[in-house]
Amino acid sequence: MALILILTTQVKAQESSGAQDARPLVLTEAIPLEGIKGRFDHFGTSGRKLFVSALGNNTVEVIDISGRTLERTITGVPNPQGVVYAPEANKLFVGSSKDKLHIYDGTSFDLISEIDFHGDVDNLRYDAANKRVYVGYGDEETAAIGAVDATTNKRIEEEYKLGAHPESFQLETSGPNIYVNLPDLKQIAVINRSTHAITRWPLTLEHNFPMALDETDHRLFVGTHEPARLAVFDTTSGHMITALPSVQDADDLYYDAGRKRIYMAGGEGFIYAFQQKDPDQYQLITKISTALGARTAGYFGKGKKSFDRFWLAVPARADHGAEIWIYTVQD
């Protein structure tokens with residue numbers, strides 16, 4: 001019955017999209033998360049495991065990607081938010097809105113250490129080249145991007161004060177910049193890790209939460225809530241190139257570099273898929289019906305078997321338990 005429900009949902013999704021021939025994401029499987037209550041937050045992956053912050057349940061769910069099963073549940077993290085895996089150190093880092101960064105062994109998932117940031121620890125990003133975990137935390141005068149050495153588990157001196165709570169942020173891999181959404185200030189902050197200088201781009205759109213980066217074409221993608229838009233910025237100038245209507249209540253935004261696509265999930269109950277024609281031109285190719293409140297997703301490119309999967313967290317509903325919906329990404 002569950003499979004029938006899933007396939008029926010997918011058929012309705014394609015009918016509602018208004019683009020029968022555009023199917024960049026096809027719902028193929030679902031992983032039940034029985035007993036998980038409340039909303040979800042961010043995703044992470046080790047390649048073999050999927051890590052899902054079940055914020056409303058005060059747990060982190062560890063899913064075996066190959067077996068499509070819930071492998072274990074990590075408890076002891078109040079209101080888990082950002083989650084990131086450091087492969088060189090084989091450690092899992094989990095941020096909590098209750099001020100701490102929790103560090104776990106990546107095999108046993110035993111707690112190794114905790115670092116108190118004295119402020120809401122939200123988004124996390126891993127810098128593989130320097131083996132650092134960047135941490136977005138705090139509010140107003142305490143708000144900053146800090147850093148932790150993934151090898152020693154120690155907080156390091158590198159820190160960038162921002163003046164407002166940082167939401168999603170992205171690291172350049174071939175350059176020094178960190179791009180940070182600051183919705184309370186209606187800004188994007190650009191941090192230069194070499195000079196420690198911070199420049200700020202003012203926004204006319206409000207509530208800029210999710211973000212993705214096309215480093216090759218110097219484009220930054222930002223999802224806003226008021227109005228609901230996909231905004232595209234030129235990272236060389238800070239100028240907004242375009243803003244397209246998008247899904248309401250978006251919390252995650254991903255750029256598919258191989259296909260030049262952008263995927264945005266929103267609590268309105270849709271995934272919007274956009275196509276990049278060239279760095280200055282974009283179009284909505286389809287919107288896929290999902291479920292109300294399904295605003296958290298994960299996309300990490302090709303997996304171990306060269307299959308692309310898009311993962312969507314669907315909160316528990318009155319008639320159904322929480323699930324992770326798995327979409328196959330198609331050319």
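A residue counts as partly exposed when its relative accessible area falls between the buried limit, under 20%, and the exposed limit, over 50%. In this predicted model, Glu114 has a relative accessibility of 37%, so Glu114 is partly exposed. Its salt-bridge partner is Lys100, with the closest N and O atoms 3.5 Å apart. Glu114 belongs to strand S9 (residues 111–116) and Lys100 to strand S8 (residues 100–105). The two residues are 14 residues apart, and their pairing links distant parts of the chain. Lys100 is also partly exposed, at a relative accessible area of 31%.

Opposite charges can pair in this way when the charged atoms of the side chains come close. Across the whole structure, a search finds 17 salt bridges. One of them joins the side chains of Arg68 and Glu29, with an N to O distance of 3.1 Å. Arg68 sits in the loop between strand S4 (59–64) and strand S5 (69–74), whereas Glu29 lies in strand S1; the pair therefore ties together parts that are 39 residues apart in sequence. Glu29 is partly exposed, with a relative accessible area of 28%.

A further salt bridge connects Arg259 and Asp331, whose closest N and O atoms are 2.7 Å apart. Arg259 lies in the loop between strand S22 (250–256) and S23. Asp331 lies in the segment after S28. The separation is 72 residues, and the pair again links distant parts of the chain. The two partners contrast in accessibility. Arg259 is buried, at 15% relative accessible area, whereas Asp331 is exposed, at 80%.

The nonpolar interior was examined next. In soluble globular proteins, nonpolar side chains tend to be buried together. The largest nonpolar core here holds 19 residues. Within this core, the members that touch the most others are Leu25, Tyr263, Ile271, Phe310, Leu312, Trp325 and Tyr327. Strand S1 (25–33) gives two or more residues to the core. So do strands S23 (261–266), S24 (270–278), S25 (281–289), S26 (296–302), S27 (308–314) and S28 (322–329).

Terms used: Residues are numbered from 1 along each chain as its sequence is written. This is a predicted model: local features need pLDDT of at least 70, side-chain atom pairs count only at pLDDT 80 or more; totals for chains, interfaces and linings use all residues. Side-chain values use heavy atoms; hydrogens and water are left out. A nonpolar core is a set of buried Ala, Val, Leu, Ile, Met, Phe, Trp, Tyr and Cys residues joined through side-chain atoms within 4.5 Å. Buried means under 20% relative accessible area, exposed over 50%, partly exposed in between (1.4 Å probe, protein chains only). Helices (H or I, at least four residues) and strands (E, at least two) are DSSP runs, numbered from the N terminus. A salt bridge is a side-chain nitrogen of Lys or Arg within 4 Å of a carboxyl oxygen of Asp or Glu.
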